[in-house]
Amino acid sequence: MARLGMLIDLNRCVGCHGCSVACQAEWELLPEQHFTRVHRYEVGSFPKVRGGVVLTQCMHCDDPPCSKVCPTGATQKRPDGLVIVDEKKCIGCRYCESACPYGARSFNRERSIVQKCYFCYHRTDKGKKPACVETCMAGARFFGDLEDPGSEINKLIRARKAIRIAGTGLAYVPPRNWPMDRSLLPPDFKEPGTVRVWQDLVRPAGKAAMGLAAAAVVTSLLINTFNKGGGHRAGKED
């Protein structure tokens with residue numbers, strides 16, 4: 001089975017925000033929503049200061065914590081590695097936002113749902129490239145099968161000595177010609193503690209509360225039915 005992912009070459013990226021704008025247009029996002037974020041940084045000290053950009057987005061984790069905390073099953077991981085959201089099932093509880101270790105989720109206040117980068121599955125399923133990849137004028141983004149040694153993206157990862165972010169579907173080519181602090185890149189995947197809190201405390205408590213609520217509803221219906229039945233019999237006796 002393919003493991004789809006993305007390679008971002010930070011040597012080529014010019015920080016034009018073209019990918020971010022293309023993503024907004026493709027998904028009709030609100031002005032404040034960004035599936036792709038452009039971060040600028042500086043390294044060194046005066047007078048030897050150099051700057052660059054790092055692009056971040058949903059990392060399409062191998063074991064996505066967002067899907068574990070979703071109470072409706074709206075967030076799911078596909079067999080090909082893409083983590084997607086069924087927006088019809090999303091209730092806007094925003095648990096997934098707190099569970100995401102990369103802060104990659106975006107709340108749509110008008111639709112009251114949480115969204116994220118989907119690797120444009122509606123395009124890639126048809127053999128097209130994600131909007132950000134197709135738009136990048138510098139050729140800094142590549143999309144493909146990370147499990148296929150012969151794929152273009154895998155060849156580029158090897159040739160350009162890219163860093164694969166462990167536990168995710170992204171890899172980065174760090175900038176050359178100056179020391180690159182590894183901490184400037186997204187860290188390797190680590191499940192946040194909020195997931196365990198959700199699984200061990202919040203979800204069981206929620207299920208218990210739902211059970212009590214359901215029991216209360218059933219009890220109320222039975223009482224109402226009994227009262228109506230009793231009143232009907234009393235009418236006949238009169």
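Is Asn108 buried or exposed? Select Asn108 and show a surface: this residue is buried, with a relative accessible area of 3%. Here buried means under 20% relative accessible area and exposed means over 50%, with partly exposed in between, using a 1.4 Å probe and protein chains only.

Before going on, some housekeeping. This is a predicted model, where local features need pLDDT of at least 70 and side-chain atom pairs count only at pLDDT 80 or more, while totals for chains, interfaces and linings use all residues. Residues are numbered from 1 along each chain as its sequence is written, and side-chain values use heavy atoms, leaving out hydrogens and water.

**Stay at Asn108**

Asn108 sits in strand β6, residues 106–108. Contact means heavy atoms within 4.5 Å. Next, pick Arg111: its backbone nitrogen is 3.0 Å from a polar atom of the Asn108 side chain. For a polar contact, the cut-off is a pair of N or O atoms within 3.5 Å; within protein, one must be able to donate a hydrogen and the other to accept it, and residues adjacent in sequence count only if both atoms are side-chain atoms.

**Zoom out**

Back to the whole chain, which has seven helices and 10 strands. These are DSSP runs numbered from the N terminus: helices are H or I with at least four residues, strands E with at least two. Of the 238 residues, 42% are buried.

**On to a sheet**

Colour β8, β1, β10 and β9, and you have an open four-stranded sheet in that order, with mixed pairing. Strands pair if DSSP finds at least two bridges between them. β8 (141–145) and β9 (163–164) are the edges; each has a single partner strand, so one side of each lacks a neighbour in the sheet.

Select β1 (residues 4–9) alongside β8: the two pair antiparallel over five bridges. Click Gly5 and its bridge partner Gly144 in β8, then Ile8, which stands opposite Arg141.

Last stop: helix α6, residues 152–159, which lies across β1, β8 and β10 (170–173) and runs at about 120 degrees to β8. That angle is between N-to-C directions on a 0 to 180 degrees scale, with axes fitted to C-alpha atoms, for helices over the stretch in contact. As for β8, four of its five residues are buried.
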